[in-house]
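Here are my notes for someone opening this one for the first time. Have the sequence and the 3D view side by side while you read.

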Amino acid sequence: MDIDGVFSGGGIKGLALIGAYQAIEEKGLRFKRVAGTSAGAIVAAFIAAGYTSSELKSIMEEMNIKKLLDSNSLIPIPFIKWFRIYYRLGMYKGAALENWIEGKLKARGIYTFADLPEKSLRVIASDLSNGRLLVLPDDLEKYGISPETFPVARAIRMSASLPYFFEPVKLRSLEGVSLVADGGILSNFPMWLFDRENIKKVRPVIGVKLSHNLIERPKHKVDNAIELYTALFQTMKDAHDSRYISRKHAKNIIFIPTEGVLTTEFELSKEKKSELIQMGKFQGETFLQKWTY
């Protein structure tokens, strides 16, 4: 049976999304359209390109994630990274991440959005210059850019440019230059793209979210300035999507708790990567045992 799918952001924790994808595949469900934010955008793009869950698992388990962290090699002193954040707005450039994604997509004949079926892939990014949410490739026309000619890998890099970690991507258009960063700033779980109020769904929609469900989600602990910043960012990232999820009773969402793993913990061992994938598969299988459509 064909379904639509949505994948949330979560940095390195996105490995768990692959496990959920494996459970969905083994159930005999096939994704017709996919959407995602940040790490979820990467997984969604690979699914749209035709990668199976076993292929994604092999790619991610063997990948050296540190090679995607392309800091300026001319600045070897660690504390200089903070100056890079100030002047370049991120510790890492993000070009290596884009090149890696580009290579994997080209292996399946995917270069621009014209190489994909229409509306089969949409990802979320944040236009910091204009203060607005971007749905790519849909919103590119607002910038005078043809979606058909826009590289898919560039859109995924935009969606996954974690603030202060990766430099924002410069989107050049007739309006000038806009700085675009991680879509999780404005919508970390864009299930609203496929599942809207008072509109009949074309097919069932399953979302995969890297968090507790709404009932079990722990409260933010705020006892100092650092914890306050963390709570502020987490609230900003999740409040919009959480309100939507609460209205829908979360009956179509696979929740994957990933406590104990940081979003930017890129030095995970192969065993830890496998644990995250297996956790996602377990939660997916548990969900699908009782999911009705």
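The numbered points below go from the whole chain to particular residues and pairs.

1. First, the ground rules. This is a predicted model, in which local features need pLDDT of at least 70 and side-chain atom pairs count only at pLDDT 80 or more, while totals for chains, interfaces and linings use all residues. Residues are numbered from 1 along each chain as its sequence is written, and side-chain values use heavy atoms, with hydrogens and water left out.

2. Now the overall picture. The chain has 8 helices and 10 strands, taken as DSSP runs (H or I of at least four residues for helices, E of at least two for strands) and numbered from the N terminus. Of its 293 residues, 52% are buried; here buried means under 20% relative accessible area, exposed means over 50%, and partly exposed is in between, with a 1.4 Å probe and protein chains only. Take the contacts (heavy atoms within 4.5 Å) between residues at least 6 apart in sequence: 77% of them join residues at least 24 apart.

3. On to charges. Side chains of opposite charge can pair when their charged atoms come close. A salt bridge here is a side-chain nitrogen of Lys or Arg within 4 Å of a carboxyl oxygen of Asp or Glu, and the count comes to 14. One of them joins Asp4 and Arg33, at 2.6 Å from N to O. Asp4 sits in strand β1 (residues 2-7) and Arg33 in strand β2 (residues 30-37), so the pair links distant parts of the chain, 29 residues apart. Both Asp4 and Arg33 are buried, and a network of salt bridges ties these two together with Arg203.

4. Two other pairs are worth a click. Arg132 bridges to Asp127, with the closest N and O atoms 3.8 Å apart. Arg132 counts as partly exposed because its relative accessibility is 30%, whereas Asp127, at 2%, counts as buried. In the other pair, Asp139 and Lys142 meet at 3.4 Å, N to O. Is Lys142 buried or exposed? Its relative accessible area is 55%, so Lys142 is exposed, while Asp139 is buried at 12%.

5. Next, a helix pair. The axes of α2 (residues 39-48) and α5 (residues 95-106) come within 10 Å and cross at roughly 20°. That makes α2 roughly parallel to α5, since angles under 35 degrees count as roughly parallel. The axes are lines fitted to C-alpha atoms over the stretch in contact, with angles from 0 to 180 degrees between N-to-C directions.

6. Which residues of α2 and α5 meet? From α2 come Ile42, Ala45 and Phe46, and from α5 come Leu97, Trp100, Ile101, Lys104 and Leu105. By class, this contact has 7 nonpolar, no polar and 1 charged residues; Ala, Val, Leu, Ile, Met, Phe, Trp, Tyr, Cys and Pro count as nonpolar, Asp, Glu, Lys and Arg as charged, and the others, Gly among them, as polar.

7. Because 7 of its 8 residues are buried, α6 is largely enclosed by the rest of the structure. Val152, Ala153 and Met158 are among the buried ones.

8. Last, a loop residue. Leu69 lies between α3 (53-62) and α4 (80-88) and is buried, with a relative accessible area of 18%. Its C-alpha atom is separated by 8.5 Å from that of Phe166, 97 residues apart along the chain.

Technical notes. Angles under 35 degrees count as roughly parallel, over 145 as roughly antiparallel, 65 to 115 as roughly perpendicular and the rest as oblique.
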